[in-house]
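Hi there,

Here is the structure I promised to pass on. Have a look, and my notes on its salt bridges follow below.

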Amino acid sequence: MDGISTEGTTLKISASGEHRSTVIFLHGLGQSNSSWAQTFLRGFAPQLPHTTWLLPQASSKPVSLNKGRRRPSWFDITTLPPANDDYDEEGVTDAVCILEDIILGQVHAGIDSRNVVLAGFSQGAATCLITGLSSLHELGGIVSLSGWIPLPAREHILLIEGNMPILWCHGELDIEVPVAYGHDAMTFLREDLQIPEGQLQLKLYEGLEHTINDKEMGDFLRWLRETLR
């Protein structure tokens, strides 16, 4: 694909100008990183010339939700909506390690961790939230598209930098990860982690199910332009 290179299983859209910031985007359950690449290449990269995009690909593994059928997945999941006791701790740990290694690679390449944003859709968003809220790196922010924060993971979350901005986008008609999960997570971020109100943005989309639309992508892009240094 023109404008997109590969590093192992990760797709890379390089900054067209001086590389000063990085967005790491994780796809959802059963998806491929290539299904998102053109959106960011055409709609986002021209507006963010100093930003490099990294899109890792989850490995295919048996997924309990799909009766053991192998699908690209960051961790195993049994039900949708996610149940409180449905938590693949080993799988989540592995996914967090993968994401932390990518963050560390950017830091070693000279990018200030405060200019690294984690973003993802659904299961990818959950992985980004768990990682970003427990990382020892001071990150630039997190974007959750139709995500959730698993309750068991909250016991291990210790946010070092309480001012990290978070954009939470959710469709009001989502039945796979209902919007109530978004409201609950925002309460956790606000009350338990004491993230200032000004650093939290919750965007809800009327008529949107478990997917994305142009308005949501527009909000995502505007947030990045305001957040990245």
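How exposed is arginine 222? Arginine 222 is partly exposed, at a relative accessible area of 46%; here buried means under 20% relative accessible area, exposed over 50%, and partly exposed in between, using a 1.4 Å probe and protein chains only.

Before going further, please note that this is a predicted model, where local features need pLDDT of at least 70, side-chain atom pairs count only at pLDDT 80 or more, and totals for chains, interfaces and linings use all residues. Residues are numbered from 1 along each chain as its sequence is written, and side-chain values use heavy atoms, with hydrogens and water left out.

The structure holds 7 salt bridges, each being a side-chain nitrogen of Lys or Arg within 4 Å of a carboxyl oxygen of Asp or Glu. Among them is a network that links Lys215, Asp219 and Arg222. Aspartate 219 is buried at 8% relative accessibility, whereas lysine 215 is exposed at 53%. The N to O distance is 2.5 Å between arginine 222 and aspartate 219, and 3.9 Å for the closest N and O atoms of lysine 215 and aspartate 219.

Both pairs sit in helix H6, residues 214–227 (helices are DSSP runs of H or I with at least four residues, numbered from the N terminus). Lysine 215 and aspartate 219 are 4 residues apart, so about one helical turn separates them; arginine 222 and aspartate 219 are 3 residues apart, again about one helical turn.

Another salt bridge joins arginine 190 and glutamate 197 at 2.7 Å, N to O. Arginine 190 is partly exposed at 29%, and glutamate 197 is partly exposed at 49%.

Best wishes

Definitions and conventions: Helices (H or I, at least four residues) and strands (E, at least two) are DSSP runs, numbered from the N terminus.
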